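Trainee: I would like to learn how to read the features of a model such as this one. Please go through them in order.

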Amino acid sequence: MAEEVLRTADGREKTALSRRYAAQWQAARADGNLPEIGSANPPDRPARPAEPALLDPRDVPRRRPGTEAGRKAILHAVAHIELNAVDLHWDIIARFTHVPMPPGFYDDWVKSADEESKHFNLICDCLEAMGSHYGDLPAHAGMWRAAEDTAHDLMGRLAVVPMVLEARGLDVTPGMIDLFEKAGVSDAVAAMQVIYAEEVHHVAYGSKWFHFLCGRENTDPKDAFHDLVRRYFHGPLKPPFNEEKRAEAGLPPDFYWPLSEDRPLGE
Ligand SMILES: [Fe+2]
Ligand SMILES: [Fe+2]
């Protein structure tokens, strides 16, 4: 199932398949069954539609956020992030089946993948209501880099994807909600509030399974997190941090502050 989602290119088709398979998994689990985990051969990079064109972040045109064009560009960038997130969650399911994990690991990422699929669709609906669509603007290339860099390291994947990248989403989403509130774009406000509420537990799942693996290996989670982020994530973490939501998601300040540009490493 995960591999099939990863190999589907069109965004709406990918998310429809993702939601259907998530519902199948959840129905089986609700009946007390555990579907066989099996093993997969996920592609190095997930299939993506011909559009949007993927550009180096420096070449993506910047638009002023206070304009209609700027709001479209923000929604387009969020749709791109959500589609990438759908693939990231199915990829962690498909890629690490050689590491024995409790069934809850799969429950958590199936639920997350389902929610990311919903997020992509909600944001696409907003774009379409503005006369745009996903694919209308260029998008950042290189979003899959974190997945490639951690393709052979489950703890590295958990550290960098949910605990760094998705946690960053908690930091920046309130500002985007404000921006769309001021502009009176109520469907975008509602979509971003759903995203903001649900992303907290994606980060929490990352922290939960990271701590689980540290416990299995008897390593200190904070030291392991610092080592892995320094190895796989390129550059410092950017404050301001949403300490409240990060705390709710099980990310203590001493995990991320030492990795921020405000405090050089080793301080
Ligand atoms: Fe999301
Ligand atoms: Fe997420």
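Predicted model: local features only at pLDDT ≥ 70, side-chain atom pairs only at ≥ 80, totals over all residues.

Trainee: How many helices and strands does the chain have?
Mentor: Helices (H or I, at least four residues) and strands (E, at least two) are DSSP runs, numbered from the N terminus. Here there are 10 helices and two strands, in the order α-α-β-α-α-β-α-α-α-α-α-α along the sequence. The radius of gyration is 18 Å, close to the 18 Å of the globule rule for 267 residues, so the chain is as compact as a globular protein of that length. That radius is taken over C-alpha atoms, and the rule is 2.2 Å times the number of residues to the power 0.38. The C-alpha trace spans about 50 × 50 × 30 Å along its principal axes.

Trainee: At what angle do helix 3 and helix 4 pack?
Mentor: Axes are lines fitted to C-alpha atoms, for helices over the stretch in contact, and angles run from 0 to 180 degrees between N-to-C directions. Angles under 35 degrees count as roughly parallel, over 145 as roughly antiparallel, 65 to 115 as roughly perpendicular and the rest as oblique. Helix 3 and helix 4 (residues 103–129) pack at about 160°, with axes 8 Å apart, and are therefore roughly antiparallel. The residues of this contact divide into 18 nonpolar, five polar and three charged. For those classes, Ala, Val, Leu, Ile, Met, Phe, Trp, Tyr, Cys and Pro count as nonpolar, Asp, Glu, Lys and Arg as charged, and the others, Gly among them, as polar.

Trainee: Which residues in helix 2 meet helix 3?
Mentor: Two residues are in contact if their C-beta atoms, placed from the backbone, lie within 7 Å. Gly11, Lys14, Thr15 and Ser18 in helix 2 meet Leu83, Val86 and Trp90 in helix 3. By class, this contact has three nonpolar, three polar and one charged residues. The angle between helix 2 (residues 11–30) and helix 3 (residues 68–95) is about 40°, and their axes are 11 Å apart; the two helices are therefore oblique.

Trainee: Which residues does a cis peptide bond join?
Mentor: Most residues other than glycine have a negative phi, and most peptide bonds are trans. In this chain a cis bond joins Glu51 and Pro52, with omega about 10°, and another joins Pro239 and Pro240, with omega about 5°. Asn218 is not a glycine, yet has a positive phi of about 55°. With 6 other C-beta atoms within 10 Å, Asn218 is exposed, in the loop between helix 7 (186–217) and helix 8.

How values were computed
Residues numbered from 1 in each chain as written. Chains lettered and ligands numbered in written order. Buried ≥ 20, exposed ≤ 12 C-beta atoms within 10 Å, placed from the backbone.
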